[in-house]
Amino acid sequence: MKKIKTTITILSLSFFTSCSDFLEVDPIGKTTISVFFSDMDGIRAALPGAYSKVYDYYGDEFLLYPDTAGDMLQLATAVENNMISQYNFTSNPAEEITAVGMIWRNALEALVNVNNMLEYQPALLEKFPSNEQELTQIKAEALFLRALIHFDLVRVYAQPYNYTNDASHLGVPVLTKTPSSDDHVPRKTVNEVYQQIEKDLKEAALLFENSDDATSSFYASKNAVHALLARMYLYMENWEQAINYASLVIDSTPLSQGQDYLDMFLKIENDDESLFKLNGNLKTPYINKFYNQETPLAIASTKLTNLLNENTEDIRLDLIDTETLTSLKFLKPFSNIGEIKDNDYHIIVLRASEMYLIRAEAYTELSNIDLAKEDLKILMARNYQTTTAAITLNKNTQEELKTLIDKERSKELCFEGHRLYDITRTQQNLIREANTTSTVKEITYPSTKFVLPIPQKEMDVNKAMIQNDGY
Amino acid sequence: MRHGISFINKDTRFKVLNANEYLTLAKESYLNSGGDPAYFPYTDNDMNSYSTTQTDWYDAFFDVGATSQINLSASGGNEKAVYRISGSYFEDKMTLKGNKQQRISITTNNNINFNDKLNLNFLLTGSYNTNTTFTPGDDYYSNLPIISPYNDDGTFRQYYKVIEGSNPDGSPNWVQKRFFNEIAEREQNDNGQKAFSFKGSVQLSYQLNEVFKLSSQFGVDYNNYAEKIYQSMKNWSGINSGVPVGFAYDNNATYLNWNTIQRLNFNKQIGAHRLSGVVGLELGANQSNVTSASGSGFVNDHVRLVSLASFSDGSASEYKTTKASYLSQLSYHYGGRYNLVLNARKDGNSNFGKNVQYATFLSAGASWNLHKEDFFSSKVIDIFSLKGSYGTNGNSRFGNKNPDGVYSISDSYQYGGTIGAGISSGANPDLSWETTYITNLGFRIALWGKRLDITTEFYRNKTTDLISTLDASRTIGDTTVLRNIGAIENKGIEVALESTNIQKENFSWKTKILASRNRNEILSLYNDVPKNYGISRLQVGSSINTFYLVRWAGVDPRDGYPMWYDANGNITKDYSVDNRVANKIADPDLFGSISNSFNYKDTYFFNILMAYTIGGYSFSSFARDVNSDGLNIMDDNQSVNQLDRWQNEGDLALAPKPIWGVSTSSVRNSTRFLYNKTNLKIRNVSFSYLFDKKVTKSLGIESLSMSLIANNLWVWTPYDKANRNSFKNNIEGYPQETEVSLGVNVKF
């Protein structure tokens, strides 16, 4: 009996003594933020994480919204379709799980991931000076992403830059570090938002100056920064700068031609005219469902197919399914059962063709008609599969060219998330075709309908937030 | 041994439109939206005859279920050892077709006294479960009654055809849509689970001397689940981008929990004074391992093994938490009249942050049995006692939201095949503990030979630094955040009343009534700023369960459009969240149960249990989806209440004018979807009969009884109407089940 007693006592004692570190269990796969960013491995893992979060909002409603709210899409309305209220311009602040709430939530979540990297990068640089080159590269990429996210948010939730003379109308919050949960973050003016975007991009450009040329457009690079600057200056109507940066890109990146152009969308290519694209490997974005071939939720409107059919040689006709009229730009078809590939729904954010269109538009605005026509001819030759010499372009006035560029942008950038912004920044009215399935056929510029409302949940918790007019 | 049947309670199930009603309402909504009748989407065609199809989806998904259970048990023993062994078999074929459960279990409990000092108790339970599961989502009510799950040739439907606008030449634009057929999934897919569970505990106690006793307990709880799922390539669940591939999933999860308790008890009696207590240490851990494999691309549906898929993938995860508690208790009793108990406990959990790993619990309680006092003499009152207690409880309730903020590595952060990490919860360094102060006061009084026994308890719990999950500004990168929001108070009363109404030699009738009332009030909020989350609002002086909604003002008889009250109580036709008011709470005024039991000659027993709730409100987002006034009518079947819609000028309608695919804001959150929770339910009725002992003894049976039990028989709510839905139908949409079973109990 003595033995049992002793055993129990020893057992009890051993439990008592080992107790102090008994509760020290490391959660598997999880680390507190400060510990996570205390070494290079952390920031190295945070970078793909940040890109992945940017992909998440691009892959869902963000990319679909400007085309849905434009005039080049026909939506299926008799089935469940997440984009219906944007299509019918009945967006409602309470829509938490579709465009209104999700773009806001997911873009801001991506922004927090980016800002965390930028916040911890200086300390890491001090601690690991030998990793300076890598850390500089990470910082440059993070700055590009921060600019991109701000630019995306300000286009969705605020009126275009030229809505007021000095862009003093409400934009979105400018976040250069993650606020605490007690902060009430206000909206800045559109001017202030663009200033921050410009600052981040200029700094990124400087940091990229000494880096090697990017091997893959899946990551931010010098070219991506220049391209986004060109696009930003276009929106700001700073034509000279738009030309400068578009030229930098055009000089370094040739246009994809012929089958290579089609393969940029249809296949998984590494070498194409894209300047920045988001890697959709193993992702399941909503765009995949939206533009599926079986029962598409949206197809090209007659307005778009008529435009493309103006020249039956147009290579871009091959990017629209002849039978269902759906976009093939995001389709990476399964060849057959035996060779199932990972989903590769890549999303092209910036590419060289857009740079030609930006430069042509800027030249036009500066009344540099010949140079504008030259850029357009290069694009047309590619699209009609001929030579620039064979293209005749008998548009000679500024107005004619502006209309032509608008049409060319519609055709070139359809389904890639541009249309609504092109309508609003050029201060046009939205005019849809007569047999549109939408309840809204026309909206005159300016309109409060051209922006989404700030989500109600944000309004409820953030006292500094101001709702957009009309909501 | 018990056998029973179960079926859907027709009275409480959610009533949807039948085919004729649906088509009428759909066409009307379509015309109201300005649609051209020539392009009405649900026009008969070669694939669908919408006008003649009448599908009752409840019939397609539900059937009469059957349960049976057999229990066997034996017990015996002597002074040294006692044993009890029991085994049971249970089978349930559920009302929701495609669901079946079988369970075999064995329990054994042994107690051995080695001598008068050392005692060993040993408990083992093992069970094996086989489940076949199928869930139809909301298809049983939301599927359109004009679509049949089968094609004309009897095969499962995969498509349906509708008109979507017009072609440029003016002809209707016919499009073929996918029909996600859950019936086909039920018949063609596999979804099975096998679970093995084992629970065991050993307790060894040793009486050191008259005062001290040492005991040591060790317990293990082990569960293993093996799940096999196959999604057939014959229906949409096994088709990827138009290619029939089939998907197979093979998951295995193991959960192991163990705990050990070491205790030292003492007990000392000196005259009328008795002092007892315990100190102890409790340690435990919960561990889990989950591995899963998935595969797709099968040759045909006959091969359903992950390993034979042309593409397969796997993942594994682990989880572990540990916990430790120190406990102590001291109690003092005097002559059965005064009792005093002091408790102290310290709990730790590895989930909590480093600074807040332990929570302390302290309490003191006292009770006084007045009826045992010498001065107390009453012929009416048999028992009269008073008790009271006070305690504190600290809690960090942070869960996995570490206050330092957490980065996690997971698949969802991968980019181009590179594994990534992202923030999964933001930093929240200001979060601190919440503390609850618990006060209890109560009495028990029993009268007239305990014919009436009343127990009443008053309580008041005050929590300071209350931790609550609040909606966060999206700028912090999270949707919710844990905050210390202020102080709240819960106070209430609980009454239990037991009465023996009739007590005769051959007949007795007993009633037991339970009644509770709880009131919740926010005493203070930091910054004094009311906080909104979803449809609720936190404000000082109100319940934490206060709804914050725009008030519904019905339908405008002039044009059929919805109306609301603005913040000042005037009718408006513009929905605005600025008009929300906080004036209804979820807490009921009173709730509880009433049970009556009758006994005749100790042979016939009858028992009826009813539950009631009075007052309080409930918001039904389910009701919002099925009363969409045309917004969702193209996809989802609607409530029969939609028939009371506005049609002509002057109609005093309950539902607005339905408009196909258009939101008039009528479905936005408002008090239209708020229901009074008052209800009365008959939960359980049982009748049993005990056979005459003389008769059974002659058959060699000690006792034989039969019983008939019915569960969930009946529900009443205000505003019930036979052909409309009221609160009882709107609670969550899932129909309640009524079960009736007959059992036989034999004792040898």
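Residues are numbered from 1 along each chain as its sequence is written, and chains are lettered from A and ligands numbered from 1 in the order in which they are written. Because this is a predicted model, local features need pLDDT of at least 70 and side-chain atom pairs count only at pLDDT 80 or more, while totals for chains, interfaces and linings use all residues; side-chain values use heavy atoms, with hydrogens and water left out.

Colleague: Let's start with chain A: how many helices and strands does chain A have?

Modeller: Helices (H or I, at least four residues) and strands (E, at least two) are DSSP runs, numbered from the N terminus. Going by those runs, chain A has 17 helices and seven strands.

Colleague: What share of the residues in chain A is buried?

Modeller: Buried means under 20% relative accessible area, exposed means over 50%, and partly exposed is in between (1.4 Å probe, protein chains only). Chain A has 471 residues, and the buried share of them is 60%.

Colleague: Which residues have the most contacts inside the largest nonpolar core?

Modeller: A nonpolar core is a set of buried Ala, Val, Leu, Ile, Met, Phe, Trp, Tyr and Cys residues joined through side-chain atoms within 4.5 Å. The largest one has 184 residues. Apart from it lies another core of ten residues, B:Phe619 and B:Tyr675 among them. Back in the largest core, the residues with the most contacts are A:Tyr58, A:Phe144, A:Phe276, A:Phe290, A:Met355 and B:Tyr42.

Colleague: Leaving aside neighbours within four places in sequence, what is B:Tyr42 in contact with?

Modeller: Contact just means heavy atoms within 4.5 Å. With those sequence neighbours set aside, the partners of B:Tyr42 are B:Tyr22, B:Leu23, B:Tyr50, B:Leu144, B:Ile146, B:Tyr160, B:Val162, B:Met634 and B:Trp660.

Colleague: Over to the strands of chain B: which residue stands opposite B:Val202?

Modeller: Two strands pair if DSSP finds at least two bridges between them. E8(B) (residues 190-207) pairs with E5 (residues 118-132) of chain B in the antiparallel sense over 15 bridges, and with E9(B) (residues 212-231), also antiparallel, over 18 bridges. E8(B) and E9(B) form a hairpin with four residues between them. In E9(B), the residue opposite B:Val202 is B:Phe218.

Colleague: How much area is buried between chain A and chain B?

Modeller: Buried area is the accessible area (1.4 Å probe) that two parts lose on being put together, summed over both. Carbon and sulfur atoms give 61% of the buried area, which comes to about 7000 Å².

Colleague: Which side chain of chain A meets B:Arg580 in a salt bridge?

Modeller: A salt bridge is a side-chain nitrogen of Lys or Arg within 4 Å of a carboxyl oxygen of Asp or Glu. Over all chains the structure holds 54 of them, and the count between chain A and chain B is two. For B:Arg580 the N to O distance is 2.7 Å, and the partner is A:Asp460.

Colleague: Why can A:Asp41 and A:Arg44 be described as about one helical turn apart?

Modeller: They form a salt bridge, with the closest N and O atoms 3.3 Å apart. A:Asp41 counts as exposed at 53% relative accessibility, whereas A:Arg44 is partly exposed at 36%. They are separated by about one turn because they sit three residues apart in helix H3 of chain A.

Colleague: Last one: which backbone oxygen does the side chain of A:Asn81 reach at 3.1 Å?

Modeller: A:Asn81 is in the loop between strand E2 (73-75) and helix H4 (84-87) of chain A, and is buried with a relative accessible area of 8%. Its side chain reaches the backbone oxygen of A:Ala76 at 3.0 Å. At 3.1 Å, the backbone oxygen reached belongs to A:Leu297.

How values were computed
A polar contact is a pair of N or O atoms within 3.5 Å; within protein, one must be able to donate a hydrogen and the other to accept it, and residues adjacent in sequence count only if both atoms are side-chain atoms.
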